[in-house]
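Have the sequence and the 3D view ready.

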Amino acid sequence: MRLRLPRLAPLRGAPGAALSAVLLVVLVLYALLVPLVAPDPFSLGGLSIMDSFTPPIWAEGGNPVMPLGADDQGRNMVTAMAYGLRTSLIVGVFAVLIGLVLGGALGLVAGYAGGRTDALIMRLADVQLAYPALLLAMIIDGIVNATIGEARSTLQAMTIVILAIGVAFWVQFARTIRSSVLVERNQDYVSAARITGRSAGAIIGRHILPNVMAPVLVIATTSLGLAIIAEATLSFLGIGIPLTHPSLGALIRNGANYLQSGEWWIAIWPCLLLMVLVVAVNVLGDHLRDYYNPRLRGRS
Amino acid sequence: MILHAVERILQTLLVILIISFIAFMLIDTLGDPLGLLLPPDASLAERQALTERLGLDRPLLARFAEFLAGLPRGDLGISYRTQEEVSGMIAARLPATIELAAVALLISLVVAIPAGIYTGVFPRSRFARAIMFVSIAGVTLPNFVVGILLIAIFSVQLGWFPSFGRGATIVLGGWETGLLTRSGWHAIILPALTLSLFQMTFIIRLLRTQLMEIGRSEHIRFARARGLGEARLWFVYALRNALLPTITMLALQLGNIIAFSVVTESVFAWPGIGTLFLQSVQAADIRVIAIYLIFVGIVYMVINLLVELLYPLIDPRLRQRHA
């Protein structure tokens, strides 16, 4: 039996997108594999005060075990960033999933039902559009924290951030899916399904949904970049994920304290990593958008 | 035409009303004025008296009406964190934010309009491609990363600009300004640059797309065929058509700019509205968050409305279509 490679057709003839895809795979492996071999630097056993402020390997006093230096608590930046990246990726992916499921469900219902349901859901979307997703995530975060109070665990904080970003992102998905559904629901195959007596739920789920997935995937990729930025920003501002289980944003927040005193590497490495991650996701998202948009395909 | 305008105004008012109601409900359900204003050992009778004095025993809609009536008067209530008047807190910090936003807008216009025209007129030139490549950074990089990088380079390495605060300020007729002192100007450069990067790239990209599209249109081809000079062609005929949509889109990006200003103010410890909002979020000061929610919503909705209503007045083509 021949080994089947995954379908890479969308990446053919696009070196930038292909490079981004490779880069993303490398980053994901880095975030998943390093924590398997290195102890958690944010637990008490993981840090070593003796090594604090070790500079990168090429500077005087560099340590070959810590090629990128160490932070104020003596955490190896290579390990710390792997844990941070893992948190950022987890939050980003789950936030997009929540936005997708929430927005997808509302968009499907709005598009299929039409009439008053449609108007209600889309007006809600309009009201929400008055607020940029980032600001909304901050507001939701603030409100939830006000309700449950200061005493929140890391897991709770993470859940809150995921929910805040996910809820802030649903409008995009809802609008896209709704407009696709509006096109699809008048197609013959939907009428056929309706005549054969299938329920509305089955028609939406089994027949319409598969046909509107392509634009959703594109938006999901673009949203992933935005969600990662949103999480990093929240954590940087100190209202996201706490330093006990830091994401890239929290690492940068911590590093920013030492920028003035010359320990630039604590902030700059996570900054660069975040930049590479976001640019790679965006390049890939842009490319997928062009690829799945038949109007643009074949041009340029 | 007028009917359409009235309908849009009513819609906007309705949305603002909904936003205000959500904000009011937040304050009403999450805030605890009794716990704030009374000592912990207050008797039941004292609590009862205060409840009646604050009108907390009245029906929900009556309290909402009172809350709504207080908004235009500047009666925004008291912060649960600092126990100050919210309106006073906002007024003290508004000048810093407005100055930052204004300088940022100035920087982005001065840089982006020439750059956008250049990339639109000569899209294939090497320099234009370089501008477009750099502009990717402006759309993708998180605001705070830009700020940190600028601080690392211009503040720590080169020591040219301070990395936090507003510098010396002068009070002029109730307006605390930093734009009249040397240190004030020094302090505003880096945050304004950070804030302007997004607008800058946004304007460049929009202007470029607009000009490229208009450059291919009939009336430009016709003008060229009549023998009009290239400079006159682009600057008089093409630019006029390209500028309007660009300004519109920029106005609609205001919400994003407000969000980014929160981040920028935090990076540079800029004492503006954004910092106030952030402190309130950190301290779960629900009343200030709610007021901010209304404030941003109103600013966004009103600008949206103005753009839509003014558009046909500026662009004669739209007037005919609507009539």
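V25(A), V28(A), L29(A), L32(A), L33(A), L36(A) and V37(A) make up a nonpolar surface patch, with about 680 Å² of accessible area together. Patch members have over 30% relative accessible area and no salt bridge, and nonpolar side chains are joined within 5 Å; areas come from the Shrake-Rupley method with a 1.4 Å probe. This is a predicted model, where local features need pLDDT of at least 70 and side-chain atom pairs count only at pLDDT 80 or more. Residues are numbered from 1 along each chain, and side-chain values use heavy atoms, without hydrogens and water.

Here are two residues and how covered they are (buried is under 20% relative accessible area, exposed over 50%, partly exposed in between).

| Residue | Relative accessible area | State |
|---|---|---|
| L33(A) | 45% | partly exposed |
| D118(A) | 11% | buried |

L33(A) sits in helix α1 (residues 15-37) of chain A. D118(A) pairs up with R178(A) in a salt bridge, their closest N and O atoms 2.6 Å apart. R178(A) belongs to helix α5 and D118(A) to helix α3 of chain A, 60 residues apart. A salt bridge needs a Lys or Arg side-chain nitrogen within 4 Å of an Asp or Glu carboxyl oxygen, and the structure holds one over all chains.

Methods:
Chains lettered and ligands numbered in written order. Patch = residues over 30% accessible without salt bridge, like charges linked within 9 Å, V, L, I, M, F, W, Y side chains within 5 Å. Helix = DSSP H or I, 4+ residues; strand = E, 2+ residues; numbered from the N terminus. Buried < 20%, exposed > 50% of the residue type's maximum accessible area, 1.4 Å probe, protein only.
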